[in-house]
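Have the structure open as you read.

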Amino acid sequence: MKLYCDPISTTSRPVLLFIAEHGIAAEIVHVDLMTGGHMDPAYLAVNPNGIVPFLVDGDLKLGESSAILKYLADKVGSRAYPTELKARAKVNEALDWLNTQLHEYYCLMAVYPHMGVRDNLEFPLRNEGLARAEIDRRVREVAEILRIEHLLGSRLGGLAGGDRQRVALGRAIVRQPKAFLMDEPLGTLDAEFREIMCLELRKLHDRLKTTTVFVTHDQNEAMALADHIVVMNNGQILQADDPQGIYDFPSCIFVAKFIGRPPMNLLELREPLSAGVTTVDLGGTWVEVPCTLAGSDRALLGVRPEHVRLGEPGGGLPAQVARVEYFGSHWIAELDTPAGVVKALVGKAVKPQEGDRVGISFDAQRVVMFDAASEQLLPSVTTSRHQASMSHG
Amino acid sequence: MASITLQGMTKRFAQRTAVADLQLDVKDGEFFVLLGPSGAGKTTTLRLVAGLEAPDAGRVFMDGVDVTAVAPAERDCAFVFQQYSLYPHLSVFDNIAFPLRSRMRRVDETEIRRRVREVAETLHIEGKLERKATALSGGEMQRVAIGRALVRRPKVFLMDEPLSSLDARLREELRVELKRLQRSTGATVLYVTHDQVEATTLADRIAILEEGRVQQVGTPVEIYDQPLALNVAQRLGSPALNVLPVEWFEGSIDPRTVHVGIRPEDVLLNAGNGPSHFDVVESSLVKHLVVAERSGVEVRVRKVMDHALTPGESVRLTFPAEHCLFFDASGRRLNS
């Protein structure tokens with residue numbers, strides 16, 4: 001299962017469409033689009049692992065999208081791009097046109113509200129002209145996989161949100177597509193249900209093994225579901241890796257802040273950082289870090305809240321508990337230190353008291369460094385040992 | 001600021017009893033959260049306090065004075081709703097100033113300006129006072145709505161899911177701010193939510209409400225650590241409480257036990273195979289969560305891990321008896 005994490009959803013739609021048109025394993029293509037006198041880069045990058053990021057800089061503007069669609073249409077070859085559509089250049093119509101080209105892929109999770117559950121599942125198959133016996137067999141099979149057999153006779157109207165979503169999923173599965181393309185399929189569900197559906201999607205994937213491209217802005221969904229994640233912002237790929245790589249070695253400050261709640265602590269060093277050191281001066285305290293492989297004039301130390309340990313005052317970085325929030329299973333403590341505010345995750349057994357003075361230390365092997373100017377991850381012995389699970393163009 | 005006491009409050013709508021014989025004691029200056037699923041009677045309770053609904057039975061006291069028969073306007077409660085109901089044609093300033101200009105109050109204009117400015121500063125919207133309310137983002141609109149409640153300096157604040165229409169990041173931000181505001185002003189807040197994170201992080205005390213009845217009242221830690229019943233234990237906690245089949249514990253526990261609960265962070269997880277192994281279904285580094293399954297039962301484990309586990313991998317889970325919660329057939333806690 002591959003997954004796109006993209007705070008701006010307008011860029012994700014074309015990703016799905018592109019994959020739909022070109023299949024999962026295509027070549028690397030870069031396109032520059034000339035629109036309105038200036039060059040807007042659009043990257044169509046397809047790597048051998050089958051990741052297909054399609055990126056447009058910023059939001060899709062009218063001119064850009066029709067140019068992209070034209071490009072896609074050319075790639076499809078024999079299927080002519082309808083000229084009247086080009087003349088009207090309406091983005092949605094163009095997208096609709098592309099949607100109709102999707103035969104083997106399923107893009108959107110949607111249901112026909114006026115039809116019953118069985119009709120919803122059968123509809124795509126009837127459209128394909130399948131034999132009655134085959135339709136019945138497939139509907140039964142899908143209903144069983146999704147545990148909605150008992151709902152086959154129901155109307156859609158009375159169904160709970162989760163059941164509705166299962167029917168939508170069923171409509172996708174029943175066609176036995178080569179790939180599932182899902183654009184924020186869980187976005188409309190409430191938090192509790194999203195978690196349950198997330199788990200169900202993962203199980204379904206493990207069973208069907210169908211390649212799935214899943215677009216979301218929810219980091220929890222991304223981290224829980226994906227074999228691979230592509231983090232995008234403003235039309236750029238920031239990092240393409242497995243969840244572990246994204247979590248442990250965020251490629252830049254944006255990713256470090258985007259993934260993880262509360263986000264990674266970023267603390268500025270007093271002195272320039274040199275290569276080959278294993279301790280750094282953090283607000284007047286020497287702190288152990290993985291041996292650096294590059295220097296930086298202004299460096300930030302990154303450490304996740306769960307890798308911050310609270311100890312007796314006098315040991316480590318001096319800190320004072322400014323605020324504590326209770327989450328049942330744990331506390332989040334906000335600590336004032338000479339290097340800035342540090343958030344720490346503390347087990348539920350002991351409550352950190354506001355005003356307490358403590359000494360904090362970090363799990364040294366989990367610390368990463370960033371260059372403040374470029375906002376990029378700085379290499380160290382731990383980052384260099386890590387091989388990204390995929391690369392991107 | 002004031003204390004609020006509800007005695008034997010009952011409210012029926014047609015055949016349905018929304019609130020049944022409700023007793024509540026909200027102390028002066030307390031941040032009190034009503035937590036429950038939809039339909040539990042949270043909003044009705046709030047409206048009864050405000051005087052927007054008349055109870056079928058029971059009485060409301062504010063600072064010890066019976067206000068059951070007092071009109072809503074004279075109870076001096078400020079209401080903040082989920083939907084920031086601002087006046088779209090007015091500027092932010094005028095929206096906040098609106099309650100002060102009511103005929104009942106007659107605050108003079110210099111005083112209004114001073115107070116609006118003060119409130120705007122507390123809420124970090126002082127730069128947006130001249131804007132139309134509709135030109136604001138969702139988070140800013142909700143700040144204005146809170147500002148409009150603050151500016152009156154009411155006796156109590158009644159807040160009905162004020163953060164639930166905001167996106168996750170804004171919700172987090174405004175949550176912290178609400179708590180800070182309540183602390184610095186010493187306001188009495190009665191706050192309704194179905195979001196348990198808001199409940200544990202904001203509340204001095206929580207009342208768990210279900211089907212119009214109070215199930216348990218206590219500090220967040222008391223309710224989380226010492227739930228009196230299964231439904232209360234399941235109301236708090238993310239990931240939710242594991243409820244395990246009683247057969248897994250046979251012979252070693254109270255024979256009246258029908259449900260065994262354990263918090264995800266109390267489950268011990270070790271690598272390895274064995275006669276009682278579990279299969280990993282999901283593992284998330286962000287949520288420090290592992291979901292593992294055995295004979296159709298899913299168990300959630302909260303643990304800070306160095307590496308995510310692979311779906312399908314085998315793990316051993318143990319459930320230390322001292323952390324287990326035992327419940328009888330009616331859902332009542334046995335070892336409390």
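Here is a short report on a helix pair and a chain interface.

This is a predicted model, in which local features need pLDDT of at least 70 and side-chain atom pairs count only at pLDDT 80 or more, while totals for chains, interfaces and linings use all residues. Residues are numbered from 1 along each chain as its sequence is written, chains are lettered from A and ligands numbered from 1 in the order in which they are written, and side-chain values use heavy atoms, leaving out hydrogens and water.

**The helix pair**

In chain B, helix α5 (residues 138-150) packs with helix α6 (residues 168-185) at about 20°, their axes 11 Å apart. Helices here are DSSP runs of H or I with at least four residues, and axes are lines fitted to C-alpha atoms over the stretch in contact, with angles from 0 to 180 degrees between N-to-C directions. Because of that angle, α5(B) is roughly parallel to α6(B) (angles under 35 degrees count as such). Residues making the contact (heavy atoms within 4.5 Å) include B:Ile146 of α5(B) and B:Leu174 of α6(B).

**The interface**

| Chain A with chain B | Value |
|---|---|
| Residues in contact | 29 residues of chain A, 35 residues of chain B |
| Buried area | about 2800 Å² |
| Salt bridges | 6 salt bridges |

Buried area is the accessible area (1.4 Å probe) that two parts lose on being put together, summed over both. Carbon and sulfur atoms give 52% of it. In chain A, A:Leu199, A:Tyr326 and A:Lys348 lose the most area to chain B, together 22% of what that side buries.

A salt bridge needs a side-chain nitrogen of Lys or Arg within 4 Å of a carboxyl oxygen of Asp or Glu. B:Arg175 forms one with A:Glu325, where the closest N and O atoms are 3.1 Å apart.

Terms used. Helix = DSSP H or I, 4+ residues; strand = E, 2+ residues; numbered from the N terminus. Parallel < 35°, antiparallel > 145°, perpendicular 65-115°, else oblique.
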